[in-house]
Amino acid sequence: MSATRIPLESPSWRLQLWTWPEVEAYLGHNKGVILPLGSTEQHGPTGAIGTDALTADAVAQAVAERSHVLVAPPQAFGMAEHHLGFPGTVSLQPSTLLAVLRDVVVSLARHGFERVYVINGHGGNMATARAAFIEAYDRAASLGLASAPRLRCKLANWFLAPAVMAHARHLYGEREGQHATPSEIAVTLHLHPGLAQKLRPLPDPAPVGPIHGWEDFRRRYPDGRMGSDPSLATAVAGQDLFERAATALSEDLQHFLQAP
Ligand code: NI
C-alpha cells in the first residue's frame, strides 16, 4: 500500500469507518494518529455548547485529509468544571479526563502507534492533557510495549496557532476576549451555517479575569462570556480562520511525525 492511499473500502480517514485489517496495514507505513479533543460547555448566550468539540473535530478531519493520517473519534467531553453553572455543560473532573486520555493513548500505543497528535479546542483541557501524556509514557513503559521508547504525544491547540491568533486579533481586536470568542463562534458558523440564527447584539461583556469554581465563574461572567463579542462572528471569517488552523496544524503535524 502506498503511503498516501486511503484503503479502498474506507471513504475517509476516520478510524470509526475503518476495519482492523485496514488499521493493521496502515501501521505498516504510518505510526501517526490524530485525536480530536473538545469540551461540551456553554459558549455564552448565543454560542453552541458543542463549539470546542465541533471545531476540534472539524480541524482534525481537515488536517487528516491533508496529511493522510488516521483520526480517532473525538473526545467531546473535557474539563469544564468552571462552566457547570450553565445548563447543558457536561464536565469531566481533571482526574477523570486524565485517566481517559491516558488510556486512549496507551490503547493506541499497544497496537504500535508512536505519534499521538491531540488537536484541542478548549484551553481548560491543556494542563490535564499534558499530565495525561506523562502517565501514558510511564504506563506504556511499565507494560513493556514495543512502541514505548518511541511514543510521543503532542498537544496542538488550534485556536493558539500564531496564524489564527494574529488573524483573530486583526478581525476583532479587544472584542476577541477569552471565552465564547468571535473567532471560535465564526468557525462554528462556517461548519453549521444555521447557528447564525442564534446570534444577536449583546451588551458589553464582563471583562476578562480569573477563573475559580463554577459559582464564582457565573457571578463574574453572568452570561458566560469573558470579554468577547460573538455577534461579530461571520461564516466567511470562520472559513478563513478554519483554513489557517488546518494549514498551520498540518505543517506542525509533519514536523511531529518526522521528529526523532
Ligand atoms: Ni471554546
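**Helix packing and a buried tyrosine in a predicted model**

Reader: At what angle do helix H5 (residues 162-172) and helix H8 (residues 235-258) pack in this predicted model, and how are the two oriented to each other?

Author: In this predicted model, the axes of H5 and H8 lie 8 Å apart, and the two helices pack at an angle of about 160°. Angles over 145 degrees count as roughly antiparallel, and therefore H5 is, relative to H8, roughly antiparallel.

Reader: Which residues make the contact between H5 and H8, and how many of them are nonpolar, polar and charged?

Author: From H5 come Ala163, Val164, His167, Ala168, Leu171 and Tyr172, while H8 contributes Ala237, Asp240, Leu241, Arg244 and Ala245. Sorted by class, the contact of H5 with H8 holds 8 nonpolar, 1 polar and 2 charged residues.

Reader: What span should the 17 residues of helix H2 (residues 51-67) have at 1.5 Å a residue, and how far apart are its end C-alpha atoms?

Author: Of the 17 residues in H2, 14 are buried, so that the helix is mostly covered. At 1.5 Å a residue, H2 should span 24 Å, and this agrees with the separation of its end C-alpha atoms, which is 24 Å.

Reader: Is Tyr221 buried or exposed?

Author: Tyr221 sits in the loop between helix H7 (214-220) and H8, where it touches, not counting residues up to four places away in sequence, Phe86, Ala206, Pro207, Val208, Gly209, Pro210 and Met226. Its C-alpha atom is separated by 8.0 Å from that of Pro207, 14 residues apart along the chain. Because its relative accessibility is 1%, Tyr221 counts as buried.

Conventions:
Residues are numbered from 1 along each chain as its sequence is written. This is a predicted model: local features need pLDDT of at least 70, side-chain atom pairs count only at pLDDT 80 or more; totals for chains, interfaces and linings use all residues. Side-chain values use heavy atoms; hydrogens and water are left out. Axes are lines fitted to C-alpha atoms, for helices over the stretch in contact, and angles run from 0 to 180 degrees between N-to-C directions. Helices (H or I, at least four residues) and strands (E, at least two) are DSSP runs, numbered from the N terminus. Angles under 35 degrees count as roughly parallel, over 145 as roughly antiparallel, 65 to 115 as roughly perpendicular and the rest as oblique. Contact means heavy atoms within 4.5 Å. Ala, Val, Leu, Ile, Met, Phe, Trp, Tyr, Cys and Pro count as nonpolar, Asp, Glu, Lys and Arg as charged, and the others, Gly among them, as polar. The expected span of a helix is 1.5 Å times one less than its number of residues. Buried means under 20% relative accessible area, exposed over 50%, partly exposed in between (1.4 Å probe, protein chains only).
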